[in-house]
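Here are my notes for someone opening this entry for the first time. Have the viewer ready and follow along point by point.

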Amino acid sequence: MDGRALAAKIRAEVADEVERLGGLGLATVLVGDDPASDIYIKRKHKAADEVGIRSNDIRLPEETSEDELLDLLAELNADDETDGILVQLPLPGQIDEARAIRAVDAIKDVDGFHPLNAGQLYLGQPTHVGGTPRGILRLLDEYDVELTGARAVVVGRSDIVGKPTAHLLLQRNATVTICHSRTRNLAEETRRADVLVVGVGVAGLVTPEMVKPGAAVVDVGMNRTPDGLRGDVDPAAMEVAGLMTPVPGGVGPMTIAMLLENAVRAARFRRGALVFPGR
Ligand code: NAP
């Protein structure tokens, strides 16, 4: 499943939509100088610029206090030119991530991390859902993977990848199993999956023997190894799977394209073209 090609198509659609909306603004906040976060933020801004989204790249020093960050977020919430806000995680230890996430106005929360957006997803009435889970579902749809009644196994239960992806699959009427580090027999679970989504952070965790022949496999893992960027699934599983995402070139580009789509969605919510609960 080619995430690069699909992401390019989506970015072109977003560019048209941004033009129709007469422009929109996305602010990102990076606290500290984590090199991986710096790379992600740069990619997001480059992609935003290319589709005509005004992007505001706010960088704060590592020693920024929680109050300073909360003050900045309050300013961005009140700023009419800012449609979407993204706080890059992880945050330095002196800042409570949950508080920072709650401090972003839910209508501008393009990552879907705010409890209101997470709750709407749980209720089956999604508002903002993060780029990674939405990108995974979009890829499966692009390749006509049947979800209704399918046995879907999601390995990983993070708030960013596993949980929201499992909810989206459930809403699409898959029979969903969520696995994690305490799962007793991971291979037994994954071998039953018609649709297997792996977001763990352990290079090559899923071997070819753990994949059901013909399954659709989505590898979310991005692991920096001495041999370069590697996924959570052994590339040899491609021989067993019916469809599989490569790393790189699978979920990564989709995450960014869907973030841009989420910025458009935020602008639509704010301008009343879509109804945001309670507004
Ligand atoms: P995370 O917060 O560390 O969560 C990892 C999850 O994997 C946890 O639920 C953990 O279980 C589970 N796990 C750990 N070891 C396991 C094992 N041996 N067997 C089964 N489950 C295991 O990580 P994350 O933020 O979700 O990210 C996961 C991976 O996706 C990383 O490689 C990350 O870089 C990548 N990622 C990629 C994108 C993209 O755009 N492509 C976006 C986000 C993340 P417990 O809950 O029991 O600890």
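1. How far is an oxygen atom of the ligand from an N or O atom in the side chain of Arg157? The distance is 2.7 Å. Before you go on, keep in mind that this is a predicted model, where local features need pLDDT of at least 70 and side-chain atom pairs count only at pLDDT 80 or more, while totals for chains, interfaces and linings use all residues. Residues are numbered from 1 along each chain as its sequence is written, and side-chain values use heavy atoms, with hydrogens and water left out.

2. Two other polar contacts are worth a click (a polar contact is a pair of N or O atoms within 3.5 Å; within protein, one must be able to donate a hydrogen and the other to accept it, and residues adjacent in sequence count only if both atoms are side-chain atoms). Thr255 puts a polar side-chain atom 2.8 Å from an oxygen atom of the ligand. From His180, a backbone N or O atom sits 3.5 Å from a nitrogen atom of the ligand. On its own the ligand has 930 Å² of accessible area, and the protein covers 69% of that (areas come from the Shrake-Rupley method with a 1.4 Å probe; for residues, only the protein chains shown count as cover).

3. Now look at the shell around the ligand. There are 20 residues around it, and Arg157, Ser158, Ser181, Met222 and Thr255 come nearest (near means that a heavy atom of the residue lies within 4 Å). By type, the shell has eight nonpolar residues, 11 polar and one charged (Ala, Val, Leu, Ile, Met, Phe, Trp, Tyr, Cys and Pro count as nonpolar, Asp, Glu, Lys and Arg as charged, and the others, Gly among them, as polar). Helix H9, residues 251-270, gives the largest share of the shell, with three residues (helices are DSSP runs of H or I with at least four residues, strands runs of E with at least two, numbered from the N terminus).

4. Please check the two cis peptide bonds. One joins Leu89 and Pro90, with omega about 0°, and Pro90 is in the loop between strand S3 (84-87) and helix H4 (97-103). Another joins Val247 and Pro248, also with omega about 0°. Pro248 belongs to the loop between strand S10 (243-244) and H9, the helix that gives the largest share of the ligand's shell.

5. Next come two positive phi values in residues other than glycine. For Asp144, phi is near 55°; you'll find Asp144 in the loop between helix H6 (131-142) and strand S4 (151-155). For Asn173, phi is near 70°, and Asn173 is in the loop between helix H7 (162-171) and strand S5 (175-179). Is Asp144 buried or exposed? Asp144 is exposed, at 68% relative accessible area, whereas Asn173 is partly exposed at 49% (buried means under 20%, exposed over 50%, partly exposed in between, with a 1.4 Å probe and protein chains only).

6. Where does the side chain of His128 reach? It goes to the backbone oxygen of Ile107, at 2.9 Å.

7. Leu196, in strand S6 (residues 195-198), counts as buried at 1% relative accessibility. Leu196 and Val218 are 22 residues apart in sequence, yet their C-alpha atoms are 6.1 Å apart in space. Leu116, in helix H5, is partly exposed at 33%.
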